[in-house]
Amino acid sequence: MTLNVEQIRKDFPILERETQNGARIIYLDSTATSQKPAQVIEAMNDYYRRSNANIHRGVHTLAEEATSMYEGAREKIAKFINASSSREIIYTRNTTESINLVAYSWARANLKAGDLVVLTEMEHHSNLVPWHMLEAERGIELDFIPVTEDGLLDLETYKSLLDRRPKLVSFTHMSNVLGTVNPAAEIIRLAHEAGAIVLVDGAQSVPHLTVDVQALDADFYAFSAHKMCGPTGIGALYGKSSLLEAMPPFLGGGDMIKEVKLRSFRANTLPHKFEAGTPAIAEAVGFGAAVDYLSAIGMERIAEHEREITEYALDRLEEIPGVRLFGPSAEKKGGVAAFTLEGVHPHDVAQILDRDGIAVRAGHHCAQPLHEKFGIPATSRASFYLYNTKDEVDMLVNGIYKVKEMFG
Ligand code: C6P
């Protein structure tokens, strides 16, 4: 059954507002952050109005209620990605922090000078810079799976990189620029055959695809709530419990300990071992509400809707003389259309579209090496989610024609 987008749009209060010059908001920037349905906003509001207290610390009614809401959300998130236990879900601030947790805790305990980490050329800076830092500190080696001209990973070169027995393979499940959905199960299987641990950057996949971490056999999987209808300030790291158990804590402080003496401490059990200090409680509640919201609609249906919109958008954008699209064809990608318009800077494109209320992002989208690979400093990027319509794609296309007219 197709999505009832008109009905869905009513859940998102922000889609009703207009810009200062009276244009309706056409939100085509969900890859940066998604909009939030009333169900998520209200769940957080309710938490603060009715149940606010610190967690894991008190025996009073509010503390117990807050704890149960916080832990209840963890259960929902675990189920959403099919983790075998909620102990394998660590709350973090976002995907970036999840990746850094692996880099600080797992990698610093397991990697030494000369060890190889394989990344890809399409990584977001979040999955590059933590490894650059470790390269400088430890002398690990980095190598990269190349991106082909049509925006896919070159798996033949990947196989030859695996001959060098990397210790870690870390890659994005879905590119935030090209939209490419990488063959994660195959990449992971090959990495495991070569003896490597695998970290997947799921910032763009968890919001848009059905993700099953057990079927994928991912060792670590990182994602953010704010890209999947949830609030900012919270994300998650999934890790296999055998790996998480063996890892040293990341941040030290309250809640991550079992016992503290003046000169020593004993770390808490999973998942609390990695959650030091008062966490983002209301945000966890909102994260759980977002998972409920997406689950009730169904990830398969959301993905199907996005595929339809993306196919339509790519067809329509391709028609425009001077537009160059990046990434593979619609069946190999999620709802992302990054493009350049000949003779016009991507920022100018975005700024002129904004006059008509059309929100797209312009820049390198935190993937500078990928842009360099394609010989461009920046792109304009439209991205689609469950609330977008073909009418909005038409407005984007009309807007680009307007930009062309203005620039002659
Ligand atoms: N990409 C974009 O506009 P955080 O900021 O930690 O929630 O997510 C980081 C991140 C990691 N990996 C990928 C593939 C991503 O797309 C992002 C976030 C946004 O493309 C903001 S730069």
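How many residues surround the ligand, and which are the closest? Here are a few notes on this predicted model, starting with that point.

1. The ligand is surrounded by 18 residues. T96, D201, Q204, S224 and R361 are the closest.

2. On composition, the shell around the ligand holds 11 polar residues, four charged ones and three nonpolar ones. Both domains take part: domain 1 (5-30 + 298-406) and domain 2 (41-296) each supply at least three residues of the shell.

3. N176 places a polar side-chain atom 2.7 Å from an oxygen atom of the ligand. For K227, an N or O atom of the side chain is 3.0 Å from a nitrogen atom of the ligand. With H124, a side-chain N or O atom and a nitrogen atom of the ligand are 3.4 Å apart. As for cover, the ligand has 500 Å² of accessible area on its own, and the protein covers 90% of that.

4. Now to the sheet. The model has an open sheet of seven strands with mixed pairing, and their order is β2-β8-β7-β6-β5-β3-β4. β2 (89-92) and β4 (141-145) are the edge strands, each pairing on one side only. On average, and with direction ignored, neighbouring strands of this sheet are turned by 20° against each other.

5. I89 has Y238 in β8 as its bridge partner.

How values were computed:
Residues numbered from 1 in each chain as written. Predicted model: local features only at pLDDT ≥ 70, side-chain atom pairs only at ≥ 80, totals over all residues. Heavy atoms only, no water. Near = heavy atom within 4 Å. Polar contact = N/O pair within 3.5 Å; in protein donor to acceptor, adjacent residues only side chain to side chain. Areas by Shrake-Rupley, 256 points an atom, 1.4 Å probe, with all protein chains shown as cover. Nonpolar A, V, L, I, M, F, W, Y, C, P; charged D, E, K, R; others polar. Domains from an automatic or database assignment. Pairing = 2+ DSSP bridges. Helix = DSSP H or I, 4+ residues; strand = E, 2+ residues; numbered from the N terminus. Axes fitted to C-alpha atoms, helices over the stretch in contact; angles between N-to-C directions.
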